[in-house]
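Trainee: I have a structure open here and would like to talk it through with you. Could we go from the inside to the outside?

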Amino acid sequence: SQSHFLRRSIMKFILIILCITHAPTFLVNSFIAPPPTTTTSSHALISPKKCHGNSSRSLVTTLQAQKKKKKPANTNPVISTNRQARRNYEIITTFDAGISLLGSEIKAIRDGKMNIRDGYVRPDKAGRGLSLYNVHIGKHTTGDYFNHEERRVRPLLLRSEECRKLRKEVEIKGMTIVPLKAFLNEKNMVKVQIGLCRGKNVRDKRDAIKEREIKRDTDRMMKSFRV
């Protein structure tokens, strides 16, 4: 029993010494030393509600950007139009034809000096080509000697099959070929849209005017009833 008592007293004494020797350093480290710094990103400091709001906003903006697609640019800018053709003729079919031009004519066309209002198209005798008559292209400002004739006959560029078809329609059925508009294509080349037309009489013109007025009135009424 005495040995057991001595052993217990020695253990208590050792524990007291250990507490006395290590307690000051533990207290100093706990109260004086700064807390351990942990690097946190800016995203970790944001609350989850805020993160959810930002993600929803970004999703909405992406959806709006997808909806608002850019409108395609006007790839075929119109140079000149023939408004009287649609009033005086009934257009059956249309063709896009190339045209043989000189350098001064192209420069004048880019300056806006082309007028196809009084023009018309005739097929060749062999039926292999078409020619454009009475189309006015003004002279270019520079170069008087190398300028062109303003109303010269200009050959059109079409396939031989299309030329033969148009010649048959003109000779047999009495149709007329009229230039409708001149425009620039994707390759920045001048093209002429021609139409195979049938002439209108006075009654047809009146009916067309009446239909146009009815359509205009109905469109106006529909526009006023829209919410």
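This is a predicted model: local features need pLDDT of at least 70, side-chain atom pairs count only at pLDDT 80 or more; totals for chains, interfaces and linings use all residues.

Trainee: Which residues have the most contacts inside the largest nonpolar core?

Mentor: Leu130, Leu156, Leu158, Leu166 and Ile194 have the most contacts inside that core, which has 25 residues. The elements that give two or more residues to the core are strand S2 (89-99), helix H5 (103-110), strand S5 (130-133), helix H6 (160-173), strand S8 (176-184) and strand S9 (190-199).

Trainee: And which element gives the most to this core?

Mentor: That is S9, which gives four residues.

Trainee: Let me step back for a moment. How many helices and strands does the protein have, and what share of its residues is buried?

Mentor: The secondary structure comes to seven helices and nine strands, and buried residues make up 22% of the 227 residues in the protein. If you take the contacts with a separation of 6 or more, residues 24 or more positions apart account for 66% of them.

Trainee: OK, on to charges. How many salt bridges turn up in the whole structure?

Mentor: A search of the whole structure finds seven salt bridges. One of them joins the side chains of Arg154 and Glu105, with an N to O distance of 3.1 Å. Arg154 lies in strand S7 and Glu105 in helix H5, so this pair ties together parts that are 49 residues apart in sequence.

Trainee: Are those two buried or exposed?

Mentor: Arg154 counts as buried because its relative accessibility is 1%, and Glu105 is buried as well, with a relative accessible area of 0%. The cut-off for buried is under 20% relative accessible area. Arg154 and Glu105 are also linked with Arg152 in a network of salt bridges.

Trainee: What about Arg198, which residue does it pair with?

Mentor: Arg198 forms a salt bridge with Glu90, and the closest N and O atoms are 3.4 Å apart. Since Arg198 lies in strand S9 and Glu90 in strand S2, the pair ties together parts that are 108 residues apart in sequence. Arg198 counts as partly exposed at 39% relative accessibility, and Glu90 also counts as partly exposed at 39%.

Trainee: And where do Lys173 and Glu169 lie?

Mentor: Both lie in helix H6, four residues apart, which is about one turn of the helix. Lys173 forms a salt bridge with Glu169, where the closest N and O atoms are 3.7 Å apart. Lys173 counts as exposed at 57% relative accessibility, whereas Glu169 is buried, with a relative accessible area of 17%.

Trainee: Switching topic, how many aromatic pairs are there?

Mentor: The search of the whole structure finds one aromatic pair. The rings of Tyr120 and Tyr133 have their centres 5.4 Å apart and their planes at 5°, so the pair counts as stacked. Tyr120 is in strand S4 (residues 120-123) and Tyr133 is in strand S5, 13 residues apart, and the pair links distant parts of the chain. Tyr120 is partly exposed, with a relative accessible area of 33%, and Tyr133 counts as partly exposed at 23%.

Trainee: Which residues have a positive phi without being glycine?

Mentor: Among them are Asn134, with phi near 60°, and Asn188, with phi of about 65°. Most residues other than glycine have a negative phi. Asn134 sits in the loop between S5 and strand S6 (136-137), while Asn188 is found in the loop between S8 and S9.

Trainee: What does Pro155 touch?

Mentor: Not counting residues up to four places away in sequence, Pro155 touches Gly98, Ile99, Ser100, Leu130 and Ser131. Pro155 has its place in strand S7 (residues 154-157), and it counts as partly exposed at 34% relative accessibility.

Trainee: Last one, the outside: which residues form the nonpolar patch on the surface?

Mentor: The patch is formed by Phe5, Leu6, Ile10, Met11, Phe13, Ile14, Leu15, Ile17 and Leu18, with about 920 Å² of accessible area together. Ile10 is found in helix H1 (residues 2-31) and is partly exposed, with a relative accessible area of 49%. The protein exposes about 18200 Å², and carbon and sulfur atoms supply 57% of it.

Notes. Residues are numbered from 1 along each chain as its sequence is written. Side-chain values use heavy atoms; hydrogens and water are left out. Patches are made of residues with over 30% relative accessible area and no salt bridge: like charges are joined within 9 Å, nonpolar side chains (Val, Leu, Ile, Met, Phe, Trp, Tyr) within 5 Å. Accessible areas come from the Shrake-Rupley method with a 1.4 Å probe; for residues, only the protein chains shown count as cover. A salt bridge is a side-chain nitrogen of Lys or Arg within 4 Å of a carboxyl oxygen of Asp or Glu. Buried means under 20% relative accessible area, exposed over 50%, partly exposed in between (1.4 Å probe, protein chains only). Contact means heavy atoms within 4.5 Å. A nonpolar core is a set of buried Ala, Val, Leu, Ile, Met, Phe, Trp, Tyr and Cys residues joined through side-chain atoms within 4.5 Å. Rings of Phe, Tyr and Trp (its six-membered ring) pair if their centres lie within 6.5 Å; planes under 30 degrees apart count as stacked, over 60 as edge-to-face and the rest as tilted.
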